[in-house]
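Please open the model in your viewer and keep the selection tool at hand.

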Amino acid sequence: MKNNINNYPNYLAEKVNKHVQRCEDLGGRNPLHGLTATASSVKFISNDYLSLANHPAIIEAQRKVLDDSDNLIIMSSIYMHGDNPQQRFETRMADFMRSDEAVLCQSGYNANIGLIQSIVEHTNAPVYIDMMAHMSLWDGTKFSTSPVYPFRHNNIDHLMSLIERHGSGLVIVDSVYSTNGSVCPLKALVEAAYDKGCILLVDESHSLGTHGPQGRGMVVDYGLQDKVMFRTASLAKAFAGRAGIVACPAGFADYFKCTGNPAIFSSALLPYEIAGLDKTLDLIITADERRERLHSNAAYLRRALSELGYNTSVSSSQIIGLEVGTEKQTTVLKDVLEARDVFGSVFCAPATAKNRALMRLSVNSYLTMDELRYVIGVFRDIREEVGLDQWRSTQKQTNMLPLCVA
Ligand SMILES: Cc1ncc(COP(=O)(O)O)c(C=O)c1O
């Protein structure tokens, strides 16, 4: 590719050069790129946790609407009113999530930035956010006109001490953290923050569809829906689509649609996409067997990796994050796995802190026992080749050993 970097103004050339240098340091490659997975590869790269993507019933529902789309209007959802497919799906999602109202957004990213903007812009209420919260939540806090206080990951005491000092405000957490699969101590955290007069936003992207009765999510599982004012979720995970959802209290949806920038300044989903999501919801409600398989697959793999010496201690969900350390070390792992037809996702800056790069394995319900056994065999055989004893997470584990023994 032709590089016109010399024509860039200095401030931009510097930034682009930094990226080029980063790739050069890795032998001229982008750390996220490598081989391409094929149909027979063992894949941990998709967030389609319940293996619903391409389900014939979803495709059929989409096709039916595409065939009948003779009055397709492409516009922002702010203009939608009366009875329409989006409104009907939102009513179903509110019922599913046990909330008063729900709003469909173009993505989980838009749901988070739009929602946080509509809550915090032009207010003086402080915002508290878990340090490992998803980037879309952090980006939403950029709309805050009052201070944003990050608290240590899953640390309720730290959160409480900040609230004590700065007053009640908006508390933002993920139910399941997307990089390493750690789970929020949701019940204790919500109750403590609620008692302090805070309002809560829980991002359920990695628990909606996979956790709780009929997949209604972790907030419903713990019966916390009356204490958690707002929930968001990407519908590009268990819902296997391209959308996001906000669950909110009565009277909020219309306000949100008229104030959140993504609803005003970006076009709404198309009817066939909504038809697909609507059918997916039917499938999710009845997917207990898939949920069971997902969680038993994840528990099996976590346990086996841990027995082989991999530090999986922070994960207690379908996401297993193996913290390797530098980007270079992590690309070694990626290449070694891909050479054996196993695919995971590299997470590095800005998704993680520098030198805390990791390999994320997203477990799915469709993984067979044979595939899991194969992968465990691969991880057993490659420990030396990938320098497991030099990994940041291994050294942390080793440093902790005397404490554990004591
Ligand atoms: C926790 C969390 N929130 C929000 C998002 C954004 O979702 P989407 O891909 O639908 O924009 C993601 C996806 O990466 C996520 O993991």
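Select α3 and α11 to begin: α3 passes α11 in a left-handed crossing, meaning that the near helix is turned anticlockwise from the far one by less than a right angle. The model is a predicted one, in which local features need pLDDT of at least 70, side-chain atom pairs count only at pLDDT 80 or more, and totals for chains, interfaces and linings use all residues. Residues are numbered from 1 along each chain as its sequence is written. Helices are DSSP runs (H or I, at least four residues), numbered from the N terminus.

Next, display P85, Q86, F89, R92 and F96 in α3, which meet P271, I274, A275, L277, D278 and L281 in α11. By class, this contact of α3 with α11 has eight nonpolar, one polar and two charged residues.

Then move to A287, in the loop between α11 (271-285) and α12 (288-307). Is A287 buried or exposed? A287 is buried, because 23 other C-beta atoms lie within 10 Å; the cut-off for buried is 20 or more, with C-beta atoms placed from the backbone.

Finally, select the ligand, which 14 residues surround, the closest being S107, G108, Y109, S178 and S234; a residue counts if its C-beta atom, placed from the backbone, lies within 6 Å. Helix α4 (residues 108-120) contributes the largest share of this shell, three residues.

Notes
Helices (H or I, at least four residues) and strands (E, at least two) are DSSP runs, numbered from the N terminus. A residue is buried if 20 or more other C-beta atoms lie within 10 Å of its own, exposed if 12 or fewer, and partly exposed in between; C-beta atoms are placed from the backbone. Two residues are in contact if their C-beta atoms, placed from the backbone, lie within 7 Å. Ala, Val, Leu, Ile, Met, Phe, Trp, Tyr, Cys and Pro count as nonpolar, Asp, Glu, Lys and Arg as charged, and the others, Gly among them, as polar.
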